[in-house]
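The following note sets out points on the fold and packing for a colleague's review. Please read them alongside the sequence and the coordinates.

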Amino acid sequence: MKDPNVIIVLGGGTDGTLNPILYTKERITAALEVINKYSSVPVIVSGGYSTWMQFVPHYRESEVMKHFFVGHSVPKSRIIVERESRDTIGNLYFSKLIIKKHRSWKHILIITTKGHESRVRWTFRRIFGNGYSVSCTGVETELKSFANNPRREAYERYIQRLINKEFFRGMKDGDDRKLGAHMMRYHPGHSRSSEAQFLARKIAAAKLHYLGYTELREKK
């Protein structure tokens, strides 16, 4: 892939303070080297807070990341904050809304956690469609749900199939009109519909089955 026109750093959660939790800290620490390497490339810090959080945090993932990067001498002018997303789909959907405003931004580098890259690349293709290229940098992690967990790959494959069936249903790659409508109807972080609730329960059940924990939060 060519040098990136824009770098996207995916948030990895927040506890509501400006101190990054481990999942996020691993990503932004590794991202700093990449950001410094491509010293003129803009950076989208993408992340609101998890769909599964029980409260709205004071500081969102993107704000935590920006605070970290600015504190490590990355100019504020390079950093674009995306604070609406609640998961990987949202990361890429809301980042695309930003990227579409810049016609020259066609080559995109995404920084995430090792083991998550396959789903990121697949979701990127479904959301961005043709005309964009993507490269992913997977960061090593100490988290048990990723590191040395043979069931993680099975979980990622299952989630990809589930999302394709329940969220991207009937949608061609890069169809912005349908994508916006699906966000408002099927996404558990942005909809209270029965379809969104169904998808949330399926994801929670998969987390419990494959990873040994669940985070289901019913929307009222």
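Predicted model: local features only at pLDDT ≥ 70, side-chain atom pairs only at ≥ 80, totals over all residues.

1. Helix α5, residues 151-166, packs with helix α7, residues 194-211, at an angle of about 165°; their axes lie 10 Å apart. Angles over 145 degrees count as roughly antiparallel, and α5 is therefore roughly antiparallel to α7. The crossing of these two helices is right-handed.

2. Which residues of α5 and α7 make the contact? From α5 come Arg 151, Arg 152, Ala 154, Tyr 155, Tyr 158, Ile 159, Leu 162, Ile 163 and Glu 166. From α7 come Phe 198, Leu 199, Lys 202, Ile 203, Ala 206, Lys 207, His 209, Tyr 210 and Leu 211. Sorted by class, the contact of α5 with α7 comprises twelve nonpolar, five charged and one polar residues.

3. The sheet is open and is formed by five strands with parallel pairing, in the order β3-β2-β1-β4-β5. At its edges are β3 (79-82) and β5 (133-139), each of which pairs on one side only. From one strand to the next, the twist averages 20°.

4. Strand β2, residues 43-46, pairs with β3 in the parallel sense over four bridges. Within this pairing, Val 43 stands opposite Ile 79 of β3.

5. Helix α3, residues 88-99, lies across β1, β2, β3 and β4, and α3 runs at about 130° to β3.

6. How many helices and strands does the protein have? There are seven helices and five strands. Along the sequence they follow the pattern β-α-β-α-β-α-β-α-β-α-α-α. The radius of gyration of the protein is 17 Å, close to the 17 Å given by the globule rule for 220 residues, so the protein is as compact as a globular protein of that length.

7. As to overall dimensions, the C-alpha trace of the protein spans about 45 × 35 × 35 Å along its principal axes.

Notes
Residues numbered from 1 in each chain as written. Heavy atoms only, no water. Axes fitted to C-alpha atoms, helices over the stretch in contact; angles between N-to-C directions. Parallel < 35°, antiparallel > 145°, perpendicular 65-115°, else oblique. Left-handed = near helix turned anticlockwise from the far one by under 90°. Contact = heavy atoms within 4.5 Å. Nonpolar A, V, L, I, M, F, W, Y, C, P; charged D, E, K, R; others polar. Pairing = 2+ DSSP bridges. Rg over C-alpha atoms; globule rule 2.2 N^0.38 Å.
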